[in-house]
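Hi everyone, thanks for coming along. Please have a look at the sequence and the structure on the screen, and then I'll walk you through it.

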Amino acid sequence: METDFGIIGNNYNRENPNFNVEGSRATVEVYFCTVSWGSESSWNIFDSDGNVYYDGNYGAGWIGNNTCYSEYIDLADGDYTLHLYDDYGDGGICAGLYEPGVGTYLDYTCTSGYGSDHAFTVGGA
């Protein structure tokens, strides 16, 4: 469904209810962009124990092609990995992680091939 605001589709991504966000935490902006084939693009965040933030992956295709969007999530202090996925293997998703109004956790980067991992830390972990 396309609207006058350019947003296409519905966001059916669901957080993993078992992902730990207790204790000291911060709001993290995940700013991501798709390219020509947005339906091939997804991402997820893993904690240092390998637990995932989203059940499955965060499918970015719902925002459409050549489009950007910000998702805001809470993460406890600690070490994490952002994994960017491209189902076709030709690259196709870019993302940056930010502490809104404060700074950058991970500079804006793009995946190449089927995927890439990008480490970052929240708080003084």
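A disulfide here is a pair of cysteine sulfur atoms within 2.5 Å. In this link, the sulfur atoms of Cys-94 and Cys-110 are 2.0 Å apart. The pair ties together distant parts of the chain, with Cys-94 in strand β6 and Cys-110 in strand β7, 16 residues apart.

Before I go on, a word about what we're looking at. This is a predicted model, in which local features need pLDDT of at least 70 and side-chain atom pairs count only at pLDDT 80 or more, while totals for chains, interfaces and linings use all residues. Residues are numbered from 1 along each chain as its sequence is written, and side-chain values use heavy atoms, with hydrogens and water left out.

I've already said "strand", so here is the rule: helices (H or I, at least four residues) and strands (E, at least two) are DSSP runs, numbered from the N terminus. I'll also say "buried" quite a lot. Buried means under 20% relative accessible area, exposed means over 50%, and partly exposed is in between, using a 1.4 Å probe and protein chains only.

Cys-110 is partly exposed, at 42%.

How many disulfides does the rule give? The count comes to two. The other one joins Cys-33 and Cys-68, with sulfur atoms 2.0 Å apart. That link is right-handed, with 110° about the S-S bond. Cys-33 sits in strand β1 and Cys-68 in strand β4, 35 residues apart, so to speak from distant parts of the chain. Cys-33 is buried at 5% relative accessible area, whereas Cys-68 is partly exposed at 37%. If you number the bonded cysteines in sequence order, the pairing reads 1-2, 3-4.

Now for the sheet. Two strands pair if DSSP finds at least two bridges between them. Four strands form an open sheet in the order β4-β1-β6-β7, and the pairing is antiparallel. The edge strands are β4 and β7, each pairing on one side only. From one strand to the next, the twist averages 20°; for such angles, axes are lines fitted to C-alpha atoms, for helices over the stretch in contact, and the angles run from 0 to 180 degrees between N-to-C directions.

Let's step across that sheet. Six bridges join the antiparallel strands β1 and β6, and Cys-33 stands opposite Cys-94 in β6. Five bridges join β6 to β7, also running antiparallel. Here Glu-99 stands opposite Gly-103 in β7. β6 and β7 form a hairpin with three residues between them, and Gly-101 in the turn has a positive phi of about 75°.

Next, the inside. A nonpolar core is a set of buried Ala, Val, Leu, Ile, Met, Phe, Trp, Tyr and Cys residues joined through side-chain atoms within 4.5 Å. The largest one has 26 residues, and those with the most contacts inside it are Trp-43, Ile-45, Leu-75, Leu-82 and Phe-120. Which strand gives the most to this core? It is β1, with four residues.

Contact means heavy atoms within 4.5 Å. Leaving out residues up to four places away in sequence, Leu-82 touches several residues, including Trp-43, Ile-45, Leu-97 and Phe-120.

I'll finish with two residues that make polar contacts. A polar contact is a pair of N or O atoms within 3.5 Å; within protein, one must be able to donate a hydrogen and the other to accept it, and residues adjacent in sequence count only if both atoms are side-chain atoms.

Tyr-58 lies in strand β3, residues 58–59, and counts as buried at 1% relative accessibility. The side chain of Tyr-58 makes a polar contact of 2.5 Å with the side chain of Glu-71.

Thr-111 lies in the loop between β7 and β8. Thr-111 is buried as well, with a relative accessible area of 8%. A polar contact of 3.1 Å joins the side chains of Thr-111 and Ser-116.
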